Amino acid sequence: MKAAVQTDPPTGPDAELIALGKQFGAFHRAVHLFYQRLRFDPPLERAAYTLLVRIAGEQPTRLSLLAEDLGLDLSTISRQVAALEAAGLATRTPDPSDRRASVIAPTELGWQVFTRNRAIWVDAVRDLLTDWTPDEMAEFQRLLTRLNETITTRYGGTDPADRCLRVEEEKP
């Protein structure tokens, strides 16, 4: 078995950014593990739970708005909605304002599953933050919201070309 390679902390003008980048990666992995360990009832994949949360909070909503909000392609959202429909958790109907488009809403079973799984999720987050003060939670929420808004502003959208940071070339 290979021993872990010990590396010195980064130094130089970008040291803090490099260290922060490592924490981004650690956070991404930790959140993935967190969702894997949650015992949803019934078991739901993270993508299905995320979509169910969105439609329960913003229902009924157009598929195109869900795609934009989640930063996913419309075809991906459509497949995920089809899976929720097959499980009896959501229903798709024509949009009354534009019959060519569809809106999605939770079914009664979808509401029950959402409510039950939201309680499981809130309990798990409460457990994670049990030794945090209210001020620490508020500050973390403020900073994380600010980071998410910045990322969305600079990298948001459903077009992959829009997901690249646009760096203007310096003019001589």
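1. Is Y49 buried or exposed? Because its relative accessibility is 3%, Y49 counts as buried, where buried means under 20% relative accessible area, exposed over 50% and partly exposed in between, with a 1.4 Å probe and protein chains only. F40, at 8% relative accessibility, counts as buried too.

2. A word on the basis of these points: this is a predicted model, in which local features need pLDDT of at least 70 and side-chain atom pairs count only at pLDDT 80 or more, while totals for chains, interfaces and linings use all residues. Residues are numbered from 1 along each chain as its sequence is written, and side-chain values use heavy atoms, with hydrogens and water left out.

3. Four aromatic pairs are found when the whole structure is searched; rings of Phe, Tyr and Trp (its six-membered ring) pair if their centres lie within 6.5 Å, and planes under 30 degrees apart count as stacked, over 60 as edge-to-face and the rest as tilted. One of them joins F40 and Y49, which form a stacked pair because the ring centres are 4.5 Å apart and the planes lie at 25°. Another is the pair of W111 and F114, which is edge-to-face because the planes stand at 80°, with the centres 5.9 Å apart.

4. W111 and F114 are three residues apart in helix α5 (residues 108–128), and so are separated by about one helical turn; helices (H or I, at least four residues) and strands (E, at least two) are DSSP runs, numbered from the N terminus. W111 is partly exposed, at a relative accessible area of 29%, whereas F114 is buried, at 13%.

5. N117 also lies in helix α5 and, at 0% relative accessibility, counts as buried. Its neighbours within four places in sequence aside, N117 is in contact (heavy atoms within 4.5 Å) with F40, D41, P42, L44 and Y49.

6. Strands β2 (residues 90–95) and β3 (residues 98–106) run antiparallel and are joined by six bridges, the criterion for pairing being at least two DSSP bridges between two strands. A hairpin of two residues connects β2 to β3, and R92 stands opposite I104 in β3.

7. On confidence, the chain averages a pLDDT (the predictor's confidence in each residue, from 0 to 100) of 84, and 86% of the residues score at least 70. Over residues 167–172 the pLDDT is below 50, and this stretch has zero contacts in the model beyond near neighbours in sequence. Where pLDDT is low, the predicted coordinates should not be read in detail.
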